Amino acid sequence: MNKFWTRVLLIAAAALFLLFFSNDFGLINIQQTTIVTAIGIDRSQEEGKIDVSAQIAVPNESKASSVLVQGAETVGEAIAEFNGKTGWYPTLVHCRLVLLGAEAVSENVFASLDYFLRSEFVEDSCLVAVCETTAAETLQANSPVGDLPSSAITKVLSSQAQKTGQVSVCNLRDFAKGYFSDSASGYLPVISVKKEASKEGGNQSSGNSQGADSASGGSQSADGSGASAQSSNDSDVFDASKTALFFQGKRVAELTAEETLAFNLADTKTDFAYGDIEVFENGSKVTYNLKMKIGKKSMKLKFEDGVPVFTFRIRAKAQISDADKASGIVEVAKTALVPAHVLRAAEEMFRAQLQSAFEKTRESGCDLFRLRQKLYRFCYPQYASHRETLLQDARIFYDIRFDTLR
Amino acid sequence: MHCSRGGRPRLIAAGVFLFSADILQTIFAAPTNGAAFPILAHERQFFAQTCNVEKINNSQKETKPRSSGFSDRLARNVQKVKELLPAEDILVYSFCAKDGTECAAVYADGITDKELLGQLTAKPLSLAPAPKSAEEAEKLLLFPESRQAEDMQEAVSEILSGNPALFIDGIAAAIVLGTKKVALRAVTEPQTAITVKGPREGFIEDVKTNMGLVRRRLKTPDLRFESIVVGRRSKTVVCIAYLHGIADEKVIEEIRCRIRAIDIDGVPDSSYIGQFLAKKPYSLFKQVGTTEKPDILCAKMLEGRVGILCDGSPIALTLPYMLSEDFQSSQDYFVSPYRASVSRALRWIAVAAALFLPAFYVAAQLFKLQLLPFGLLLTVSGGIRDLPLSPSLEMFLLLLILEILIEASVRMPKYVALALSVIGALVLGDTAVKAGLVSSSAIIIVALSGISAYTVPDLTGTLSVVRIAYLLVAGSIGTYGIILLTALILYYLVTSDSYGTPLLAPFSPLIRRDLRDSVFKADIYALSERPAVFRPRNKRRLKVENRT
Amino acid sequence: MDKIKLRQICFLFAGMMPLTKMIVYPAMLAYQAKNDLLLAAFGNFLLEGAVIALVMFLASRTDCTFFDLLQNTFGKIGAKIIYGLFAAFFLFSAILPVLEQKAFVLQVFYENVPSFLSFAPFFAVSFFASVKGFKSIGRAADLALPVTAISLAVILLLSLPQAEFSALLPVGGAGAKGIFSGSLYGLNWYTDCLYPLFFLGHFKYEKHGAAKVMLAYAAGTAVVLLFLTVFYGIFSDIALRQINTIAQISKYTTAYTTLGRIDLFFIFAAALPLVFYLCVPIQMCVHCIRKIAPACNPVFPAAAVNGAMLLAAIFLNYSFFEVQTLFTQKLWWVFALFCYAVPILSLLLKRGKGERHE
């Protein structure tokens, strides 16, 4: 190494040491950062404004803190306010959940959600859901197993839950894809909090430490913002079996739990589902709980004589999981075998639920089954002529076959 | 190649009385053993310090014999030697021949076998009349390793090497007697290269013994030793060992020239020679390979490398050097290729962990929290919440402590080392965490990094420095700094070479065939050819046709 | 110092070139050509591939360097002038990639308040590489190939489950105009064909050398097209906002796993070949200057070029979109001229003494 490179190295090392030890160039390190795990967006009492609540993971403790900013114009402003009010810099890279309050979805949610798409430091892989009440309340809920509420909701909305068809999970990317597509449609699961039995003396770490003044379970706010932690001993469970339908960013309809299951069987990544089927046997009503393994599913759009025909095709294997009747030992032994009338009843039930779901999409304008997208991709010559009227004009066929193990 | 300081007058004079090139070759190739008489070697050393054999032979013809400096009076000779060697340990053993002629052997105390001197010199001379000439004296002595010194200077240097000079009154000559005896330690397993399977012999501090250890493994006339004396005052024998027909002649010539060009007063260890052989002596990375084991040296020589043995050092140098060879262990060749491949992969992973773990840990905390999984982030974040130090300073401090502990444990007496490790690991670590000075996760990272670095012992020093560099860039520039430093190091490595062999071979430049013995190790039949990177003249090392 | 091997040129195309087209280019293509982005990209690849094939044909016919060829035809002064123009072009062509990579780095490698300071040391690396000549390009390519192969393989494997390939339908839906504008405005990302021209005479042409290089280029092309397919399959209608594409496509699979964003490590690994490749136009620029002033110590042109690039990056720090629009939509003809017209015209240069006689 000649003198030149030695000098270059020395200068570089000196600069590096200076930077390293000064460590003061606008750096915000882990010690100054709060880890936001969920964001809730509610409509504010002030017209045109929003309330934003952030759930913050507190290290070494199972409790969660929530920070609420009321009356913000935008999510960005609220996030900046968190910093100003608490002194901590909120990092959203681990934000896995965005909850929208029930009232917030009556307007175009992308007025708020686009913050997450614009920001370079927020991932659009986070899950999005609508709350039955307010997002702030939902984030205050107590998980029965001591999870952070956001973690508990994330588990309810996990890909495993999606696979069983109970929930229609949607992340921000997919929701944005639908919104920015030609159909401007999408769906989100609806989270409802249900109170469970009170846990006497349990969950010390999550509740009791917070003191009595926050026992209402709501969030405190002072001067438009504040912090609190969930505190009640009552444990809550979450239900996400319903699905909200969106058109042009606004909530326009809601699928029931049965319609959600039917939708999942037909469209999403559900490949294994449980469902109750009611049949009449010997004059009395019997409910069978079927375990269904989806073998094949497709939704096809084609034109027959100039008329768009949309076909749902589902092939599934079913087996009896349970029944609300006292069965003989032979029946129990052959539990995997589903009687033909039960299979037909299952087919009919899902057909009816799918039809019901489709009617809702027709009425609301939400292109839940992405017909316009299929029209563009697979029937491009007819795209221009049928684009606007497709949902109304399409003839729907339901080709659903359930079969039993043999 | 240019040799600027090849022929100083006294060296030329030393080479004058010597041999032709052919004889020299024969001598070099001849088998030797650990206790071999070093006189011939010394002559070769003096000889070899001039530029090359042919040149010397030519100069021999041209040089006139000069005065030897000996007197036919014993007292004057002894006095002259004492003038040249006034040190206390230079003793004179005086005795008389049967006819009363005075004789004296001048020797260096402690490195001469006095019993042998008495038995083979004093005894026969005292039983017979004094010889009239040096030749007659040699015949009388029947000493297998005796010869006449060319001049007083040579006699003196032989005395200093442990070979006494015999002076007989009336003879103007000195007879050098090969009774050198140096206290040597046993050939044991080196501490730095312990293997579970495989040979356990290690080099010792005697170059002759080391040459013998090599010769024992390579009984071929192609094994050549070339000795060169280096050090104006230490007169250290440096021996170049190679396999003729396999090692690249250009490399040998360059090594020869570089060693000859060394003009230093003393060479305490082979690492001195290593620094002279390195083309970029300031480089952070090793330029010269090292080994303490003869089996490894032989294996490397069989691949086409050149070995350099240095008197007084148990560490042999090997050239050309490649970075990947430090990831190889001799044991890799004694176990199944699968096991060897796994071990090597582990070493690469461990080195990556040693380098990158502290840096990424700091960068993650300062610049990119996403690098830590959510659960781990909460743990880390909980651990460092109330620490008084920033994550980068915390890690820097811990690495500093690690280096101090390593440095101290290397130098400390063995019986203190255990106490030190207890203090270091338990007291310091545990108390520091409890006192809230550092976090336990940082200690785990540093410990893991420290241990990982020792999977490749030859690179530990380099890794320590580079690890600190990575930490500095991670703490100041951030995650991208780690990538940039990696790019810079790689640019440096890919443009560096060791005697024509790229430092990063066989990865860059990619030599597909040589990859068989790099990150993974193929079976022995797949290694039928010597590594192409050394450009060996004889490429084949295994005849696959004989496979059964 | 300025020697490179044919294999290393192959690796340059197969292992480094694809990565440069995985940052902003896919989003630009999605904006211009929508679901026909593959057609637009394929058009560029065909054109560039043809130019590379012609240059390799030239390499099979002569041992001369490009400078020698120019010198044979236009004389020494003429050759130096043309090299001066190319030096300016390389500097110019490096601006957008530098800004592109800067934006990529500041977003993907940092979360909080990244500053230009975090990217600036790149120029120190580039300076060092520029001093080292073509040898460093080739040897870096040797290392880059496995890194690229492993990281891209992992990223693509993690992304594949998210991709819906029907998003690419209907073929031609974006119309000829969209496809054409996608190709035209993408020219800035297709300057690779110029490199073999400057490697002429610096590598030993081997038997079937052209075929090997074309095969490597085809492999690189296939990787880019596969990447674009997966990318559009994942994002479809919101693809145009996905700048820094390579860092976006795999996160959906890893975000909720126990290990977290493990894909980030592979994205970081892929940044290493990106650094190597970003140095190439700067190294080329320094090479051209050294040809013009051979007596000059390489340290000086390297320092000057990297200093200029650093200043340009600082000056244009907040103008990425303006620069992108200017370069892609207004100055596309500059790229067409230097990267396509000149290499094709170089076939007409006098080969002189260096002509290969086979």
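Select chain A and chain B and look at where they meet: the contact takes 19 residues from chain A and 21 residues from chain B. Two residues are in contact if their C-beta atoms, placed from the backbone, lie within 7 Å. On the chain A side, colour helix H1 (3–22) and strand E1 (33–43), which each supply at least two residues. Helices (H or I, at least four residues) and strands (E, at least two) are DSSP runs, numbered from the N terminus. H1(A) gives the largest share of this side, five residues. By class, the side of chain A that touches chain B divides into 11 nonpolar, eight polar and no charged residues. Here Ala, Val, Leu, Ile, Met, Phe, Trp, Tyr, Cys and Pro count as nonpolar, Asp, Glu, Lys and Arg as charged, and the others, Gly among them, as polar.

Before moving on: this is a predicted model, in which local features need pLDDT of at least 70 and side-chain atom pairs count only at pLDDT 80 or more, while totals for chains, interfaces and linings use all residues. Residues are numbered from 1 along each chain as its sequence is written, and chains are lettered from A and ligands numbered from 1 in the order in which they are written.

**Inside chain A**

Select 30–244 as domain 1 of chain A and 257–404 as domain 2 of chain A. These bounds come from an automatic or database domain assignment. Their contact takes 14 residues from domain 1 of chain A and 20 residues from domain 2 of chain A. On the domain 1 side, pick helix H6 (159–163), strand E7 (185–198) and strand E9 (234–247) of chain A, each supplying at least two residues. E9(A) provides the largest share of that side, three residues. By class, the domain 1 side has one nonpolar, 10 polar and three charged residues.

**Chain B**

Colour chain B by its domain assignment: domain 1 (20–36 + 185–327), domain 2 (74–177) and domain 3 (337–495). The centres of domain 1 of chain B and domain 2 of chain B, taken over C-alpha atoms, are separated by 33 Å.

Now zoom to helix H10 of chain B, residues 249–260. Its 12 residues reach 16 Å from first C-alpha to last, close to the 16 Å expected at 1.5 Å a residue. The expected span is 1.5 Å times one less than the number of residues.

Which residues of H10(B) are buried? Show B:Val251, B:Ile255, B:Arg256, B:Ile259 and B:Arg260. A residue is buried if 20 or more other C-beta atoms lie within 10 Å of its own, exposed if 12 or fewer, and partly exposed in between. Look down the axis of H10(B): the buried residues fall within an arc of 160 degrees, so they line one face of the helix. The arc is that of the directions from the helix axis to the C-beta atoms.

**Chain C**

Select chain C, with 14 helices and zero strands. Its C-alpha atoms fill a box of roughly 60 × 45 × 35 Å along the principal axes. Buried residues make up 59% of its 358 residues.

Last, show chains B and C together: 31 residues of chain C are in contact with 26 residues of chain B. Helices H5 (122–132), H6 (134–159) and H11 (263–292) of chain C each give two or more residues to the chain C side. By class, that side has 18 nonpolar, five polar and eight charged residues.
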